Amino acid sequence: MAKNAQFYILKEQTAEQLACDLAAQSWRLGRKVLIACETEQQALDIDEALWAREPDEFVPHNLSGEATQYAAPIEISWKGKRNAQRRDLLINLQQDVPEFSNSFTQLIDFVPQQEEQKAQARERYKMLRQQGWQLSTENQ
């Protein structure tokens, strides 16, 4: 099965803001989403941002490791902390391509404006291309 990775070139929005919007859109399409954060603090910030959405924009989500009866459709993880449920879409906010990315068929990543982060995004792009992912970019 083809693996598709989409890179969003950021202009106005931050990667975190766009990740929340894309996760909400994907959930509305019936997909299960994993947002992979670099740090626990970033995961907590994403969690907070999702809770702060308007009531009609709410999306069910939880942090990795939170005890819930049912797996939420959107999981927010960070390095070293991740639940094992199958997910359809990986939204990557980590500096590197997560080692578990191969268990996904769809991946979203971001290209920030800052040079250092842009260089890291180029490395992730190259690595995914070497792994056989179909790549596309989109201006945001």
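Start by selecting Lys 126 and Glu 123: their side chains meet in a salt bridge, 3.1 Å from N to O. A salt bridge here is a side-chain nitrogen of Lys or Arg within 4 Å of a carboxyl oxygen of Asp or Glu. Because Lys 126 and Glu 123 are 3 residues apart in helix α3, about one helical turn separates them. Colour by accessibility if you like: Lys 126 is partly exposed at 37% relative accessible area, and Glu 123 is partly exposed too, at 48%. The cut-offs are under 20% for buried, over 50% for exposed, and partly exposed in between, with a 1.4 Å probe and protein chains only.

A word on what you have open: this is a predicted model, in which local features need pLDDT of at least 70 and side-chain atom pairs count only at pLDDT 80 or more, while totals for chains, interfaces and linings use all residues. Residues are numbered from 1 along each chain as its sequence is written, and side-chain values use heavy atoms, with hydrogens and water left out.

**Next stop: along helix α3**

Now move to Glu 115 and Lys 118, another salt bridge, with the closest N and O atoms 3.6 Å apart. These two also sit about one helical turn from each other, because they are 3 residues apart in helix α3. Glu 115 is exposed, with a relative accessible area of 52%.

Then show the whole helix, residues 115-130, and look at what it lies across: β1 (4-9), β5 (89-92), β6 (106-111) and β7. Contact means heavy atoms within 4.5 Å. Helix α3 runs at about 155° to β6; axes are lines fitted to C-alpha atoms, for helices over the stretch in contact, and angles run from 0 to 180 degrees between N-to-C directions.

**Next stop: the sheet**

Select the strands. Helices (H or I, at least four residues) and strands (E, at least two) are DSSP runs, numbered from the N terminus. You will find an open sheet of 7 strands in the order β3-β4-β2-β5-β6-β1-β7, with parallel pairing. Its edges are β3 (61-63) and β7 (134-139), each pairing on one side only. On average, neighbouring strands are turned by 20° against each other, direction ignored.

Zoom in on β2 (residues 33-37) and β4 (residues 74-78): they run parallel and are joined by 5 bridges. Two strands count as paired if DSSP finds at least two bridges between them. Within this pair, Ile 35 stands opposite Ile 76 in β4.

**Next stop: Gln 94**

Select Gln 94, in the loop between β5 and β6. Is Gln 94 buried or exposed? Gln 94 is buried, at 6% relative accessible area. Its side chain reaches the backbone oxygen of Cys 37 at 3.1 Å.

**Last stop: Arg 53**

How many salt bridges does the structure hold? There are 7. One of them links the side chains of Arg 53 and Glu 57, at 3.1 Å from N to O. Arg 53 counts as buried at 17% relative accessibility, whereas Glu 57 is partly exposed at 32%.

How values were computed. A polar contact is a pair of N or O atoms within 3.5 Å; within protein, one must be able to donate a hydrogen and the other to accept it, and residues adjacent in sequence count only if both atoms are side-chain atoms.
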